[in-house]
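Student: I would be grateful for a close look at one part of this structure, beginning with a single residue and its surroundings. Could you then relate that part to the rest of the model?

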Amino acid sequence: MKLVEDLRAGNTVKVNGNLFIVQKAIYNKGARGASSVKMKLKNLATGAMNETVYRAGEKFDDVVLERKQMQYLYGNDDFYTFMDQENYEQMDLTKDDLGDALNYLEEQMVIDVIVYEGKAVGVELPIVVECEITYTEPAVRGDTGGKVLKAATINTGYEIQVPLYVNIGDKVKMDTRTNEFMSRA
Amino acid sequence: MTFSTIDIFCNVVDNFGDIGVVYRFARALKAALPNSTMRVFVDDLVTFKVICSAIDPQKAVQEFESITWIDSSRLDETLVAQLGVAELVFETFACEIPQVYMKRAYYESTLLINLEHLSAEEWVEGYHEKESLLPEGTLKKFYFMPGFTERTGGLILNTTHPISVTTPNERLDAIKSLIPDQIHMYLHNPENMIFGSVFTYTRNLDRFVEDCISHSKPVTLLTFGQKTIHSFRKTLENCHLTPSQRSVHIVEACTIIEMPFIPQPNYDQLLQLMDFNIVRGEDSLTRAVLSGKPFIWNAYLQDNRYQIVKVEALCSIMHRWIANSQDFEEYQRLMIAFNSVPNESEMHPTNENFRYFLNNLKKFEHSINEMSYFMTRNCDLIKKITTFIRDYPNING
């Protein structure tokens, strides 16, 4: 069993006899410290998408599907192509299949592709990824606490929040579950 | 879809917040769907009795206001078999519905709606009316998120008619009609008096009382709830004043009156007759917004000062109506300062300044009145929920 707050893009769960792959998971704090989680789930049998909401603490049957180490080659708005590291076979995924993973996906990146009945159905990013800052306002000297954050763009074009001391060109470690800055790489 | 049977579940967590909202929600929903049989399952009837004196905590099942009230702590398979499950079930604030009930509801009920806590945060819109897949059965569950915008579940509106008074004496008479007789003798000087209601968590009120005392007009404060009354008594001690043995304390031109519990409809109307209100939690915040009178919100304290995020979100919504930048900045500053306390204690000093707020009550009243009008027209929770129910299963969740 897995708690809903521990689920992230690429995880597979079984609900009421149906298999779903998590494509997106967003956490929000509610009243009295209780969190809610909004997830985009894809039904692996029907392909139907569900936007669903749960209270933190709810449990899911997690299912481990076959996964292959594949390298991301290239993509456009419709398809994103990955290559199997062992047999060089290529598989395509859609933007929806990639979900939140798209934020950190870089060409040549090697990641786990989830395979169900011979078809690629999603990817699972590592919990921690390194990214390069391509734009942010200049660093503020003296701020080492890291409590105040500013916007920064990484090499995939995704905007993240980083401490004021981070500069263009810096490499940073990000938590892909929460999209939170962890440290400088 | 029409549902002939409706069950509402409520767990009393602390204070009277949950049961207060559920009591209000149940009566409003029953008024909107009079042909549906409604039952409310509450796990703590002793607490419920404080706000609804007609309830007998000894009874497992009782009828009141055309609603059946059931002590859910006594639910077992026999009682569930006897009562059956409803076609439409509400869980409030993600409370845990007893498994003996859910085991049947998964297969026999049609729709389960989780009525969530009220929040002004932006993310609420994205969660509203979204499905939550259940582990078994044919039952479908959806989240219903109250909020302050058209794209949320809105607010439970007042069931009483708005009170309209034109003269200070009329206002005084109206206030007196809503509160116990023994308080009446302390209410006077209506032409010149500023009336405020105060309902807070335990906190330091030194600065607030100082600002009331130094205000150009005399101020009468009607204080509600044990935590508020305790906080005021501590403030009087901090000011080296001995709290009166009676329920009224007079400090220069400021009169502090300790109020007994009054019925919900009276409280709702009383807020409309005040010059300002200080409210806490969820339900009284809603009443304050709908009163159209200036208010300060004491948010429920959360870890890592998360209550400030909630206060800022509310201020952000209110900016639409408090358009003047100085008014808004002063108001937001006061709201954040008032909620910037690390814990629920009367000991922690605060640095809020009420003077601008108290000196500009009429301006703020104009803004909050417009906000109230907007909420009443566009954010009627009962209307939204009955529309959702009527349209189910043809919804866009």
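Tutor: In this predicted model, A:Asp84 touches A:Lys68, A:Gln69, A:Met70 and A:Glu89, if residues up to four places away in sequence are not counted. The residue belongs to strand S8 of chain A, which comprises residues 80-84. Is A:Asp84 buried or exposed? A:Asp84 counts as buried because its relative accessibility is 5%, and the cut-off for that term is under 20%.

A:Met182 lies in strand S16, residues 180-184. Because its relative accessible area is 43%, A:Met182 is described as partly exposed. Together with A:Ile127 and A:Val128, A:Met182 forms a nonpolar patch on the surface, and the accessible area of the three together is about 230 Å². A:Gln108 is also partly exposed, its relative accessible area being 49%. The position of A:Gln108 is in the loop between helix H1 (95-98) and strand S10 (110-116) of chain A.

The backbone at A:Gln108 deserves attention as well. Most residues other than glycine have a negative phi, and most peptide bonds are trans. A:Gln108 has a phi near 80 degrees, a positive value in a residue that is not glycine. In chain B, B:Glu129 likewise has a positive phi, of about 60 degrees, and is not a glycine. B:Glu129 is placed in the loop between helix H5 (124-127) and strand S7 (140-144) of chain B, and its relative accessibility of 22% makes it partly exposed. The peptide bond from B:Tyr392 to B:Pro393 is cis, with omega near 5 degrees. B:Pro393 stands in the segment after helix H16 (381-391) of chain B.

In chain A, 22 residues are in contact with 28 residues of chain B. Between the chains about 2000 Å² of area is buried, and carbon and sulfur atoms give 49% of it. The count of salt bridges between chain A and chain B is two. A:Arg55 forms a salt bridge with B:Glu116, in which the closest N and O atoms are 2.9 Å apart.

Beyond its neighbours within four places in sequence, B:Leu221 is in contact with residues including B:Phe208, B:Cys212, B:Phe232 and B:Phe276.

B:Phe208 and B:Cys212 are among the buried residues of helix H8 of chain B. Helix H8 spans residues 206-213 and is mostly covered, with six of its eight residues buried. Helix H10 of chain B, residues 264-273, is mostly covered too: eight of its ten residues are buried. Among them are B:Tyr267, B:Leu270, B:Leu271 and B:Leu273, along with B:Asp268 and B:Gln269. Which elements do the buried residues of H10(B) pack against? They pack against helices H1 (17-32), H6 (168-178) and H11 (283-291) of chain B, and against strands S8 (194-198), S9 (219-223) and S12 (276-280) of chain B.

Methods:
Residues numbered from 1 in each chain as written. Chains lettered and ligands numbered in written order. Predicted model: local features only at pLDDT ≥ 70, side-chain atom pairs only at ≥ 80, totals over all residues. Heavy atoms only, no water. Contact = heavy atoms within 4.5 Å. Patch = residues over 30% accessible without salt bridge, like charges linked within 9 Å, V, L, I, M, F, W, Y side chains within 5 Å. Areas by Shrake-Rupley, 256 points an atom, 1.4 Å probe, with all protein chains shown as cover. Salt bridge = Lys/Arg side-chain N within 4 Å of Asp/Glu carboxyl O. Helix = DSSP H or I, 4+ residues; strand = E, 2+ residues; numbered from the N terminus. Buried < 20%, exposed > 50% of the residue type's maximum accessible area, 1.4 Å probe, protein only. Buried area = accessible area lost by both parts, 1.4 Å probe.
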